[in-house]
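Welcome! Please take a look at the model below, and then we can walk through a few of its features together.

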Amino acid sequence: MAEGWTQNVRCRYYANGICRKGEACRYLHQGQAASSVGTSLRTDPLETRCRYYQRGSCAYGHRCNFVHAAEVSTSSTNNANHSTGLASSSTARKNSSNNANRNGQGTSWKTSVLKKQGDSADSGIGEDSAENWVNAPEFVPAGKYNIPKTAERVPPKSYAEVLNPMAGKMISLPQAHLSSPSNKKKLCPFQEAGECKYGSQCVYIHGDTCDLCGHACLHPQDKEQRKKHVNECIKQHEQDMELSFAVARSKDKTCGVCFEVVMEKSPREQRFGILPNCNHCFCLSCIRKWRQAKQFENKIIRACPECRVTSDFVCPSMYWVDTKEEKEKLIKDYKGALSVKDCKYFRSGRGKCPFGNKCFYLHAYPDGTKADVGPPLRQRRHNADGDIDVLQQIILWDFLDERENRWLYSIDELEDLVAFLSDSDDSDWSDYDFFFD
Amino acid sequence: MANIAAQRIKREFKEVIKSEEVAKCAIKVELVNDNYTELKGEIAGPPETPYEGGTFVLEIKVPETYPFNPPKVRFITKIWHPNISSVTGAICLDILKDQWAAAMTLRTVLLSLQALLAAAEPDDPQDAVVAKQFKENQDMFRQTARHWTFVYAGGPHKNSDFELKIRRLTDMGIEDHQARVALSSYNWDLERATEQLFS
């Protein structure tokens, strides 16, 4: 430690828990030299206490030069705590702020909750968003691999803690001494995401590096967690492989109508229109336009422009499907996705759907009960003799493309939520956007 | 012109130029204007047909709605064929009408026309006179078609008998082509042709 008069002056940074110089600081880190405290101008905790903080809020928050009550009340214990090393825990820190709240004092700073990256999916909406900015993808280094949501969820970290993990110790209440063993098990989210700048000083465990994802997210002891993570990684890897294969088999495919490479078209048009009954490749916009052509007979436009095999509908897809299995899955998912969308003719019971039970869309009443609408209506008309002619049954497919297109415009807001055969356990249909278009 | 049509014709143009049919001189496409709306096609008369050895020029007009609508094609070169008008060159071919498919190309159209020359469809005629002759007097049809190929498409088979009959009519002041049409229509019966021309 440096010599000189400054040794007797209390370090303001240390007092607020964010002195970067640590041991090398030329100013007094309170508690290190208790004997010299008296030489400082503001030695009495009561005098140095922040009046604004006492009234409820201090605009300077933890940067305030004056001591905030909670810090005063615990400063002595904290000093001891600090000297013992890394026993502090964020749970304790959380408790302290909870206690402060209960005492009606309120916390001095906004607790910016830092969750793990993997939790970002369920954050960012509503009231959380303001507090979650620390967790915004831009701030979290690297790593597209989602960390299992259920596994080892780390308690929220405050902004101050992010800046300096030591800070938590400064304000922790006596509970801080009871460093709970559970915290020992938490993996450091920073190390997991990239590199933790506190290295071995970090209060969290730095896990072993996973061979698959390259992140330090394997718990050294917790076998269960390791296994789970590896499984997740393998699953992710398989998905990535599947995606790469899909991209590989799609990237050279040209549309049989416009003759352009589908994946090289404008982003909005990079969609395949898969015909269920043949294996000819078209971009969605072209095959739909063809099927809407008015100048030809139905039979012509319902047929594949290449082989004239008739298909009843076009299934939109982000990628080309080669095998029968892939195609079946795609079509199944597509129909599944449509079947939860309300039919625009049935209108929850207020209208009548001409396609009856052949309709791909959902026929359900507002209370959720599904309606049995029976077979498609038949068109009737009176002929000259007054008899009723039953015209040909209305064919759903005659309308389907058009309906899909109408719907297309209504889902524009989902445009960016394009996913590739996203996890089937995900109930959010917005991920299936690509099916609809 | 709609972008898709021009883009596609450009691609097709390159495709036709590189295709093996062009290498074998069976088909050919040339640009008429710079914006790809009009082209000139050429097909060779298929072997073992009356059209063998001839080269038939086609006018191809690409609509803005191409490829969702077929190109408008007609023969510039005069031809004697049941499905092609001997007067206007209009073609009766299903794929150029209601059986068009968006995946068809200039190349497939030209090859289809070539196939049409080899296999006429007299039951779905464009030119009723030719179709009637085709059905009733196959040999006369073949000779006539071969003669037309010689005269208009640069075919190799000269028919001195037909030339003579035409000369007789042109000597009477009848225009060459008019005389040929009249004679062809009446199975090269000079008397009936003359009668028709002067009635």
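Cys50(A) counts as partly exposed because it has 18 C-beta neighbours inside 10 Å; a residue is buried with 20 or more other C-beta atoms within 10 Å of its own, exposed with 12 or fewer, and partly exposed in between, the C-beta atoms being placed from the backbone. This is a predicted model, in which local features need pLDDT of at least 70 and side-chain atom pairs count only at pLDDT 80 or more, while totals for chains, interfaces and linings use all residues. Residues are numbered from 1 along each chain as its sequence is written, and chains are lettered from A and ligands numbered from 1 in the order in which they are written.

You will find Cys50(A) in the loop between α2 (45-48) and α3 (51-55) of chain A. Helices (H or I, at least four residues) and strands (E, at least two) are DSSP runs, numbered from the N terminus. The C-alpha atom of Cys50(A) is separated by 5.4 Å from that of His68(A), 18 residues apart along the chain.

In chain B, UniProt places the feature "active site" at Cys92(B), in an unreviewed entry; such annotations may be inferred rather than shown by experiment, feature names are shortened, and positions are given in the numbering used here. Cys92(B) lies in the loop between β4 and α3 (106-118) of chain B. With 18 C-beta neighbours inside 10 Å, Cys92(B) counts as partly exposed.

Here are the contacts of the two cysteines, leaving aside residues up to four places away in sequence. Two residues are in contact if their C-beta atoms, placed from the backbone, lie within 7 Å.

| Residue | Contacts |
|---|---|
| Cys50(A) | Cys58(A), Cys64(A), Phe66(A), Val67(A), His68(A) |
| Cys92(B) | Asn83(B), Asp124(B), Pro125(B), Gln126(B) |

Now for the sheet of chain B: four strands form an open, antiparallel sheet in the order β1-β2-β3-β4, where two strands pair if DSSP finds at least two bridges between them. β1 (27-31) and β4 (72-75) of chain B stand at the edges with a single partner strand each, so one side of each is left without a neighbour in the sheet. β1(B) pairs with β2 (residues 38-44) of chain B in the antiparallel sense over five bridges, and Val29(B) stands opposite Gly41(B) in β2(B).

How confident is the predictor? pLDDT is its confidence in each residue, from 0 to 100. Chain B averages a pLDDT of 91, and 99% of the residues score at least 70. The complex is given an ipTM of 0.84 and a pTM of 0.59.

Key. pLDDT = per-residue confidence, 0-100.
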